[in-house]
Amino acid sequence: MKKTNFLSLDEILRGESSPELIRIKSMANENAYWTSIFEKVLENVAYEDSQKLLTSIVRIGVVQGDDTTKSQGELRLLIRLNSPTAAYKLKIYGPHILRYLNRLGLKVSELQPSVSS
């Protein structure tokens, strides 16, 4: 019987150089980066609310745009959530989150909650 060697997802992603896989890996890395930052930020929010927000985050990414009215270097984050209630909670805690992100030196100007369908 022939032995089959299975590759891990990381091995597949590293071995392939297709633009689609590179884009997926880049988005996954960006999401992991912002999620880890949000975990730190939400430690300062009421425990129950922070846990609900963290579990409801589907994806976090930087909004790409050519808006020249914003000052250079400021980021706008699009935060996909799994429920309208989570989006409402994010709007409530948004100013607190923005202050904390800016204290970390991240220069975030806006949080855009969005509900995944």
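## Phe38 and its contacts

F38 touches L54, I57, I60, L77, I79, I97, L101 and L111, when residues up to four places away in sequence are not counted; contact here means that heavy atoms lie within 4.5 Å. The model is a predicted one, in which local features need a pLDDT of at least 70 and side-chain atom pairs count only at pLDDT 80 or more, while totals for chains, interfaces and linings use all residues. Residues are numbered from 1 along each chain as its sequence is written, and side-chain values use heavy atoms, with hydrogens and water left out.

## The overall plan

The protein chain has four helices and three strands, where helices (H or I, at least four residues) and strands (E, at least two) are DSSP runs numbered from the N terminus. Read along the sequence, these elements follow the pattern α-α-α-β-β-α-β. Among contacts in the protein chain between residues at least 6 apart in sequence, 65% join residues at least 24 apart.

Of the 117 residues of the protein chain, 25% count as buried. A residue is called buried under 20% relative accessible area, exposed over 50%, and partly exposed in between, using a 1.4 Å probe and protein chains only.

## The largest nonpolar core

F38 also belongs to the largest nonpolar core, which has 21 residues, and those with the most contacts inside this core are W34, F38, I79, I97, L101 and L111. Such a core is a set of buried Ala, Val, Leu, Ile, Met, Phe, Trp, Tyr and Cys residues joined through side-chain atoms within 4.5 Å.

Which elements each supply at least two residues of this core? They are helix 2 (19-41), strand 1 (57-62), strand 2 (75-81), helix 4 (84-103) and strand 3 (108-115). Helix 4 gives the most to this core, with six residues.

## Helix 2

Helix 2 has 23 residues and reaches 33 Å from its first C-alpha to its last, which is close to the 33 Å expected at 1.5 Å a residue; the expected span is 1.5 Å times one less than the number of residues. The residues of helix 2 that are buried are N31, W34, I37, F38 and V41. An α-helix has 3.6 residues a turn, so residues three or four places apart point the same way. The buried residues of helix 2 pack against helix 3 (47-56), strand 1, strand 2, helix 4 and strand 3.

V41, which is found in helix 2, counts as buried because its relative accessible area is 0%. Leaving aside its neighbours within four places in sequence, V41 is in contact with H96, I97, Y100, L101 and L104.

## The aromatic pair

The structure holds one aromatic pair. Y33 and W34 form this pair, which is edge-to-face, with 5.1 Å centre to centre and 75° between the planes. Rings of Phe, Tyr and Trp (its six-membered ring) pair if their centres lie within 6.5 Å, and planes under 30 degrees apart count as stacked, over 60 as edge-to-face and the rest as tilted.

D49 is found in helix 3 and counts as buried because its relative accessible area is 15%. Its contacts, leaving aside neighbours within four places in sequence, are with K89 and Y93.

S50 lies in helix 3 as well, and S50 counts as buried because its relative accessibility is 4%. With neighbours within four places in sequence again left aside, S50 is in contact with L42 and V45.

## A positive phi at Lys107

K107 is found in the loop between helix 4 and strand 3. Its phi is near 50°, a positive value in a residue other than glycine. Most residues other than glycine have a negative phi. K107 counts as exposed because its relative accessibility is 52%.
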